[in-house]
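This briefing is meant to be read alongside the sequence and the coordinates. It takes up aromatic contacts, helix packing and backbone geometry in turn.

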Amino acid sequence: MLPAGAARADQPPAHADAFPCPAGLEPQVRFWRGIFAETSIHQVVLHDALHLDKVYKVLDFRPELEDGVSPAEVDRLTAEERAIHDLFADDPAPDRFLAAADEKRLRGQRGLRERFGEGLRVSRRYLPEMERIFREEGLPVELTRLPLVESCFNLHAYSKVGAAGVWQFMPATGRRFLHVDNLVDERRDPIFSTRAAARFLAEMHGSLAAWPLAITAYNHGPEGMARAVAQLGTTDIVTIVRDYHGNAFGFASRNFYAEFLAALDVERNYREYFGNLPVEPAPRTREHRLDRAIGIQQAAHMAHADRELLASLNPSLSSLVIAGRRPIPRGVRLRLPESGAAGFETRLAEAPAVERVERTERKVIPVVAHRAVRSARFRPAVLTYRVQRGQTLSHIAKRYKVSVASLRVTNRLDKAGRLRPGQTLRIPRSVRRSAA
């Protein structure tokens, strides 16, 4: 990871011709630009799902929140609030209102301004290295802005269908390029997953031969886009968005390229929408591929760092590893602070096997004794909890009978452990079961 300054987002795109904005997609791009840069997360835009320029109403719940109404209550929209306004004067169809009121057409989109702004701020830390990787792979650096669409650069993003990390790789696709199992999930590492995303995008562009199609395939799948091209006999993205009705080619897939263009435009002109963004420099690090398993506490000691720092530098490590219940496996690319990387390999090689241990809060288990305790197996059971106004880590730790430190490490919080209302925390637990 390189030391990061502000990415030069306000510079003209290097591959503008690779990402055309056809006139047929301009309404969609305008819509998403507004969602990303202007509409608050406490506003909901009611709109037509096919014609995004048909906006019926913007429901603004910011006054209610200021009056103390909870976010959960704000999310409950009444039928009256979904009433359709007459925006179809240019549509002569006699059943235009009935068709527009269909549940497949009437759609509510929450604004993303706050999340997108935070994503832009976080991205400053990683974009220089991400751009270097894409240049190395021979790809346009503008593609490194796709995580703004996929996850708003939320490092801990998980989807309901199992996609993870800033690039939102599904498990099966992730395993093609990355180490993904119950101890290490490199999908969660923004740099390791960037290399994988570059190779995946290059692969799709090689088969589809156009970036609008390859970018849409990142959401819909390359086989699905190949079917669309074959069925319609065209590679024109506007025609495909308008006329292709394949299974699973829904709202998200139809809008994915337009969202990318909107995100690219907002990011390039971020000062216009968000002002100057603070830049948090990335720490100077070095990678070391482990030739043996080692507990995280021992690794941190040998790297002259604390466990929290080592965990923050290695987001691919699971909560089991971070808590010390399992060792960091052999073969892992461990990212070390540059200040402690010198001599790490020597210190590791000189450490007696009996000292390479897994540490939990209650006991120390020598790694060499793993076979003896194999009959006692653990499987993770992670709860989630939504933070309420005024709560602190100590409140939540007491409620769930866990330590403040384990909450902070599992959720990768800083030492201050600051929380915000509505934030989702993972509550670490372990369930022990006997061997079958």
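How many aromatic pairs does a search of the whole structure find? The search finds 14 aromatic pairs, and the structure searched is a predicted model. The protein has 20 helices and 11 strands, and of its 436 residues, 46% count as buried. Among contacts between residues at least 6 apart in sequence, 66% join residues at least 24 apart.

- Among the 14 aromatic pairs in the whole structure is the one formed by Phe 200 and Tyr 218, a tilted pair with 5.9 Å centre to centre and 55 degrees between the planes.
- Because Phe 200 belongs to helix H8 (residues 192-208) and Tyr 218 to helix H9 (residues 211-220), this pair ties together parts that are 18 residues apart in sequence.
- Phe 200 and Tyr 218 are both buried, and they belong to one aromatic cluster that also takes in Phe 134, Trp 167, Phe 169 and Phe 177.
- The ring of Phe 192 has Arg 333 over its face, at 3.8 Å from the ring centre, and Arg 335 also lies over the face of Phe 192, at 4.8 Å from the ring centre.

**Packing of H1 and H12**

- Helix H1 (residues 26-37) packs with helix H12 (residues 251-268) at an angle of about 65 degrees, and their axes are 8 Å apart; the crossing of H1 and H12 is right-handed.
- On the H1 side, the residues that meet H12 are Gln 28, Val 29, Trp 32, Arg 33, Phe 36 and Ala 37, whereas the H12 side includes Phe 251, Asn 255, Glu 259, Leu 261, Asp 265 and Val 266.
- By class, this contact of H1 with H12 has 10 nonpolar, 2 polar and 3 charged residues.

**Residues with positive phi**

- Most residues other than glycine have a negative phi, which is the background for the next two points.
- Phe 153, although not a glycine, has a positive phi of about 55 degrees; Phe 153 is found in the loop between helix H6 (146-150) and helix H7 (171-177), and at 2% relative accessibility Phe 153 counts as buried.
- Ala 248 is likewise a residue other than glycine with a positive phi, here near 75 degrees; Ala 248 lies in the loop between helix H11 (237-243) and H12, and Ala 248 is exposed, with a relative accessible area of 68%.

Notes
Residues numbered from 1 in each chain as written. Predicted model: local features only at pLDDT ≥ 70, side-chain atom pairs only at ≥ 80, totals over all residues. Heavy atoms only, no water. Axes fitted to C-alpha atoms, helices over the stretch in contact; angles between N-to-C directions. Helix = DSSP H or I, 4+ residues; strand = E, 2+ residues; numbered from the N terminus. Left-handed = near helix turned anticlockwise from the far one by under 90°. Contact = heavy atoms within 4.5 Å. Nonpolar A, V, L, I, M, F, W, Y, C, P; charged D, E, K, R; others polar. Phe/Tyr/Trp six-rings, centres within 6.5 Å; stacked < 30°, edge-to-face > 60°. Buried < 20%, exposed > 50% of the residue type's maximum accessible area, 1.4 Å probe, protein only. Lys NZ or Arg CZ within 6 Å of the ring centre and 35° of its normal.
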